[in-house]
Amino acid sequence: MEQIKIPKRISQAVLNSLKGGVVPRIGLPYITVGRKNEIDALLHDVDIIKEGGASFRFIVGRYGSGKSFLIQTIRNYVMDSGFIVVDGDLSPERRLQGTRGQGLATYRELIGNLSTKTKPEGGALSLVLDKWINSIQMSIMQETNVLPGDVNLTRQVDQKIFEVTSQLSELVHGYEFAMLLSKYYHAYIDSDEELKLKVLRWFRGEYNLKREAKEDLGVNMIITDDDWYEYLKLFAVFFRLAGYAGMLIMIDELVNIFKIPNSITRQYNYEKILTMYNDTLQGKAKYLGIIMGATPQALDDKRRGIYSYEALRSRLAEGKFSKPGVRDMLAPVIRLDPLTPEEMLVLCEKLTDMHASLYGYQKHVTTDDLSSFIKIEYGRVGADMNITPREIIRDFIELLDIIYQNPSQTMRSILDSSEFTFTKSEAVSDEADQNFVEFTI
């Protein structure tokens, strides 16, 4: 089978990211293995969102289990499908709700990372607004044959903008949102860069005082810690009217809510999750998908986790029949089972090809070498419960780097060396080793 040619900049980004223990932002299709059922379930949600629906999913997995990888894979797919994506990680400074603006900080992070297919690195809000206005102008010029600068063009674009914004004004906070879109349009045609920046500041949640927003923009409202999510719902509808398929919100590291020491503050954050969850299931949100990433402890712990909030636990808890290997992928919680040794072998083969192509050498690592490596990694005591793809991948890329820099070394010689004796001695026994699949070419 012909080997796929991967651009070197992508190979470099992928290998460097994986060796550093982080998920690459580009090149994921080249290394995706397994997770077919999970991906299919999430892509079904995407189809629902396109039709005006909404969805909410929790992706639950231990550190290094591939949770962030799966989220990033879906992010790249939906952008290619015409979606707007906003994503961000929670932290002690960024929560869903807080007394010192932590919720608003999360909103700012999400809007700052607003991405499209043509600008996947984030910061795409102004690009989206300018593209929307330009597309309206172009469509009217084609329909009516009016030329740029014609007063009739401005009047007809004004009318079209009004038709779009009037659909938003019926929603919560929609009137002010629509008014600011109109202001942005007039600043655009007047080349008033200062006013455009002020409107963008407002949309990004950077106004702290209503008085300041009133003086600059004539609106007596600002985005706050309490209502930022309402504006994301508005954005989802607007983006659809602007020609996009919908919007996906991706929030990772929910463990930072679990770590909040104050129980009341935690409950307020879980209450915010409940609001978002109910909105999507009850039809109060349109063209909107929400994916949140969490560790099992952050979800299951009944003292501090999401399940400590009874209203969420009763909605999210698994039924009697779901178990590892047989999961209900239509449930709101998708739990990631570990990748199998066979899947990890396929991934290591992909990384071997990528590494050889990047550094321009003839691949010497055989399938038997890869099989030995996988057996050693999975043969550690407790590996079935504790080992993660992140650890295996980091070890493997380090091995490839060492072999490349030391041509006299082979993977077999390194795996058979005394430095790996401790690893092999931890393997549970020859009998346990019989349980491994014999990998063949």
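## The largest pocket

Helix H3 (67-80) gives the largest share of the lining of the largest pocket, six residues. In this predicted model, local features need pLDDT of at least 70 and side-chain atom pairs count only at pLDDT 80 or more, while totals for chains, interfaces and linings use all residues. Residues are numbered from 1 along each chain as its sequence is written, and side-chain values use heavy atoms, with hydrogens and water left out. Helices (H or I, at least four residues) and strands (E, at least two) are DSSP runs, numbered from the N terminus.

A pocket is an open set of points on a 1 Å grid over the protein atoms alone, where a 1.4 Å probe fits, with protein on both sides within 12 Å along at least five of seven lines, and its lining residues have an atom within 4 Å of a point. The largest pocket has 33 lining residues, and Val-22, Val-23, Lys-67, Ser-68 and Phe-69 lie nearest its centre. Besides H3, the elements that give two or more residues to this lining are strand E2 (83-89), strand E3 (246-252) and helix H18 (389-405).

## Strand E1

Strand E1 (residues 54-60) is largely enclosed by the rest of the structure, because seven of its seven residues are buried, that is, under 20% relative accessible area with a 1.4 Å probe and protein chains only. Ala-54, Phe-56, Phe-58 and Val-60 are buried on one side, and Ser-55, Arg-57 and Ile-59 on the other.

## Partners of E1

Two strands pair if DSSP finds at least two bridges between them. E1 runs parallel to strand E4 (residues 288-294), joined by seven bridges, with Phe-56 opposite Ile-290. E1 also pairs in the parallel sense with strand E5 (residues 333-335) over three bridges, where Ile-334 is the bridge partner of Ile-59.

Terms used: Buried < 20%, exposed > 50% of the residue type's maximum accessible area, 1.4 Å probe, protein only.
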